Structure formats: structure tokens, C-alpha cells
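Try each task before reading its solution.

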Amino acid sequence: MGLHGVKAVFFDLDNTLIDTAAAGRCAIEEAPRPLQVISALQSKHHYGEGEARAVCDKVQAKLLKECHDPAKMCITDLRISHWEEAIQETIGGEANRDLAAECYYLWKTTRLQHLTLAEDTRAMLTELRKGLRLLLLTNGDRQTQREKIEACACQPYFDAIVVGGEQKEEKPAPSIFHYCCDLLGVQPAECVMVGDSLDTDIQGGLNAGLKATVWLNKAMTAPVDTSPVPHYIISSVLDLPAVLQKMEHNMNAKSETDHIASSNE
């Protein structure tokens, strides 16, 4: 698909191309019994189901509020600390670093096993790449994101992969978007950003002056005050080709209108 004016598409990773949130839930309670953190806490460490669930809920809450500074602590130590704190907050007593580490590695291994790039998404990326340059742009810790990329085997579908934790600044800073443009040899006005986060993906694309931003809003329930405002909204990443075709149609129509206007002058 060659597009008039668009040369590259940047994709976010987590909860855009892969369902990281669902994989995290599976790691806690939906995985095969031997791999479930909740099951392990119950069967091996004799926690009640309510206690085990409370520990996992507390960890999920800590992950959502996580602020990681790699200069101060590696991501592994930070996340083991989440489990250690959650266990102590739920059960009390002495801190149990060994149990916390066991839970973390069980959760991490199982989550990675559940991270997959769906077959229809692979097909879409393959088709898009026939006419466009594709780049994966993900925020996050270098080690964590590289492990996810490896787990879902998405490398062959992209011309370049950029991890925020390896750069001076992450999304929504314009610098990381401009770095991506330089990697692909394109201008910001020739690029489209696709992602599920208004704060990082959409705001970042707008900050960097990209041609368009496409917000993946699976629930399709817009916040009362949607800010920033994306150029397009889709409920599935598989809707992207239709948006790109719509963009091409709009650009061709504008080009035709401009041509007629100049002919009439």
C-alpha cells in the first residue's frame, strides 16, 4: 500500500500490538494451575485464596503507579520489592524477599508466555510493509521491553525498533519521534503514530509534528474531555489500513481541489 504523503507508521507495543494487560492477568490467575501465582501461594505456601488474591491485587496496583529510575535500581529489584511489600502489607510479619522473588519470576515467566502477536496482526503488518516503512516505538525499561519483543517475535515485521529506556527521552518527548524519523530517513510530516495512550502516543505524535495520530481505544468509550485530540480513533489495530486509505482519499481529494483552484486563478 503506497500512500500519497505517508511514508512511515510508528506503532506502540503494549496494549496496541500485544495485549500486555491480559497477559499480566493470565500470569496471576488464568494460567495453567502450576504456573498461577495465586495457586502457588495457596498450594505451596498455604495462603488462603483471599490472601493470595489480595497480594496479587496489591502488586497490580503498584505496577500501575510504578515510577522506575534505572539509574537508581534495576527493574528486577524494583518489581521484587512490589511483591515483597504486597506480601508484608497483606500478611504482616517479617519481609520475605525469597518468596517475593519466587512470585515475581513466576509472574514474569508466565506473562511472557502469554505475549503473542496475533496472526491477523502479523498479516496486517506484512501487507502494510509492502508500501510503507514500519517502526516499533515503545516506552519502558530496556530489559523488560526487549524481553517482550523477543517473546512475541515481532522483530521481522519492522524496519526499526526503538525502546524508550534506551534513549535520552521517552514518549511524549519530540526528540524520540525525531530520532525515529532519522532512523527511517523520513520527515515527521510523512509519519503516522498508532497507540493506545493519549498521554504518550497521541500527545507525543502531536508534539513531534507528525502527519497524523491514531488512537486505539478498544472500549470506544471516549473520556468526557478527550485531551489531547487524536486525528483518528479506532477500536482495533486491524482497523488501521482503512484509516490509512481514508487519509489517502482525503489527501487526493485535497490535491485535486487545490489543482482546480490554481487552474481557476
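**Exercise 1: The largest pocket**

Task: Find which helices each supply at least two residues of the lining of the largest pocket.

Solution: The model is predicted. Six names go on the list: α1 (20-30), α3, α4, α5 (97-113), α7 (142-152) and α9 (198-207). Next, take the volume. The largest pocket holds about 1100 Å³ of space. Now look at its centre. Of the 34 lining residues, D14, L63, E66, R79 and K148 are the closest to it. Finally, sort the lining by class. It has 14 charged, 13 polar and seven nonpolar residues.

**Exercise 2: α3 against α4**

Task: Describe how α3 and α4 pack, and name the class of their angle.

Solution: Start with the method. Two packed helices are described by the angle between their axes and the distance between the axes. Helix α3 covers residues 49-64, and helix α4 covers residues 75-91. Their angle is about 135°, and their axes lie 9 Å apart. Therefore α3 is oblique to α4. The crossing is right-handed. Then list the contacts. On α3 they include V55, V59 and L63; on α4, W83, A86 and I87 are among them. The residues of this contact divide into nine nonpolar, six charged and two polar.

**Exercise 3: α4 against α5**

Task: Give the angle and axis distance for α4 and α5, then sort their contact residues.

Solution: The angle is about 120°, with the axes 8 Å apart. α4 passes α5 in a right-handed crossing. Residues in contact include R79, I80 and W83 of α4, and Y104, Y105 and W107 of α5. By class, the contact has 10 nonpolar, five charged and two polar residues.

Note on methods:
Residues numbered from 1 in each chain as written. Predicted model: local features only at pLDDT ≥ 70, side-chain atom pairs only at ≥ 80, totals over all residues. Heavy atoms only, no water. Axes fitted to C-alpha atoms, helices over the stretch in contact; angles between N-to-C directions. Helix = DSSP H or I, 4+ residues; strand = E, 2+ residues; numbered from the N terminus. Parallel < 35°, antiparallel > 145°, perpendicular 65-115°, else oblique. Left-handed = near helix turned anticlockwise from the far one by under 90°. Contact = heavy atoms within 4.5 Å. Nonpolar A, V, L, I, M, F, W, Y, C, P; charged D, E, K, R; others polar. 1 Å grid on protein atoms, 1.4 Å probe; cavity = no way out; pocket = protein on both sides within 12 Å on 5 of 7 lines; lining within 4 Å. Points joined across faces, edges and corners; volume = space filled by probe spheres on them.
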